[in-house]
Every structure is written in C-alpha cells, then in structure tokens.
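Hi everyone, thanks for making time. Today I'd like to walk you through the aromatic rings in one model.

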Amino acid sequence: MFKKILLILGLLSALPALSNSAMFGQHFNDYSENLSDAKDANKDGVFVFFFMDDCPFCQKMERQVLNQPKVIEYFTKHFLNYKINTESDLELVDFEGNDTVERIFAKRHNRIGATPVLAFFDLDGNRVVRRTGFANQDDFLLLAKYMVEKAYLEEKFVRYKRKNQ
C-alpha cells in the first residue's frame with residue numbers, strides 16, 4: 001500500500017512538468033531554424049524562458065503559470081516557445097547562425113543576474129521585450145499581448161499595464 005501511495009505521489013508531482021511541456025516546442029537547439037519556423041507558421045515571434053534549475057521563482061512560474069491552459073493557448077498561438085538553462089553548456093546555434101552554448105546565449109541576450117528571464121524576440125531575432133522575475137498569469141499574458149501588439153515600440157510596459165488593467 002505504501003509503495004502505491006509513493007507511486008501516485010511521484011506521478012502527481014510530475015504533472016506540472018508534463019503540463020508545461022505542452023507550451024514549449026521541441027527543437028534541435030538551432031535558433032536560426034526556429035526563427036524560420038516561426039516565420040513559416042505566421043507567429044508573432046519567439047518566446048524564451050531563461051531559467052536556472054535551483055531558481056525558486058522559475059519553479060514557481062512552471063508550477064503556477066506556464067502550465068495554465070489560457071497561457072498555453074495564447075503562447076502557442078502567437079509564439080514558438082523555448083526554455084534555456086542559463087547554466088548549461090548544451091550547444092546551440094543562435095539566431096544569427098553562430099555556434100555557442102546556452103549559458104553564453106543567455107548572457108548575451110539578458111545580462112542575467114537573476115532568473116527567470118522572460119524574453120520575446122521578433123522575427124528578425126532581436127530581443128524586443130524582456131522581464132526579469134516571477135510574473136503571475138495575468139501579468140504574463142499582458143506582457144505577451146504587449147509584444148503581439150508591438151506596443152513596446154511606443155511605450156514602456158509599466159504604462160501599457162496601467163492603461164490595460
């Protein structure tokens with residue numbers, strides 16, 4: 001009986017990870033190719049969730065935000081979505097076609113001092129919207145809308161948020 005309870009608890013603890021995997025696309029760490037895929041799919045851009053394994057706020061985002069149906073629906077409609085570990089030496093090809101590793105790519109695009117970093121890239125591979133730290137579901141969806149509407153070209157997110165609450 002005890003073994004069955006442990007098995008059930010183990011399966012339940014895996015649910016958030018399984019759920020938010022629906023949001024993040026499979027890829028071969030070739031972001032120049034991912035950019036082409038985003039263009040071909042008529043997406044508004046590419047979203048990258050920069051995280052660290054031991055980051056409590058990253059884990060909170062994954063448990064409370066990234067696995068929510070409204071978030072998954074909006075983000076998969078408008079973006080190709082990827083996760084990058086800021087401490088990883090996993091090789092990748094950046095948006096310009098250059099070979100690098102995840103932690104160097106993360107530093108280049110984020111001046112990372114804290115995680116999570118929520119980064120939106122346009123279809124030319126330029127980072128156009130960035131936020132550091134935990135965002136609740138409403139703020140996260142509003143940040144995505146800010147990107148989709150290209151409001152970043154005219155105003156800071158703080159002003160946009162005030163107008164849209």
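Tyr146 is buried, at a relative accessible area of 5%, where buried means under 20% relative accessible area, exposed over 50% and partly exposed in between, with a 1.4 Å probe and protein chains only. Phe157 is buried as well, with 15%. A word on the source: this is a predicted model, where local features need pLDDT of at least 70, side-chain atom pairs count only at pLDDT 80 or more, and totals for chains, interfaces and linings use all residues. Residues are numbered from 1 along each chain as its sequence is written, and side-chain values use heavy atoms, leaving out hydrogens and water.

Now for the pairs. Rings of Phe, Tyr and Trp (its six-membered ring) pair if their centres lie within 6.5 Å; planes under 30 degrees apart count as stacked, over 60 as edge-to-face and the rest as tilted. How many aromatic pairs does this rule give? The count comes to 20.

Take Tyr31 and Phe105, a stacked pair at 5.4 Å centre to centre with 20° between the planes. Tyr31 lies in helix H2 (residues 31–40) and Phe105 in helix H5 (residues 102–110), so this pair ties together parts 74 residues apart in sequence. Helices here are DSSP runs (H or I, at least four residues), numbered from the N terminus. Both Tyr31 and Phe105 are buried.

Back to Tyr146 and Phe157: their ring centres are 5.2 Å apart and the planes are at 70°, so that pair is edge-to-face. Tyr146 is in helix H6 (residues 137–148) and Phe157 in helix H7 (residues 157–163), 11 residues apart.

Finally, one aromatic cluster is formed by Tyr31, Phe50, Tyr82, Phe95, Phe105 and Phe121. Thanks, friends!

How values were computed
Helices (H or I, at least four residues) and strands (E, at least two) are DSSP runs, numbered from the N terminus.
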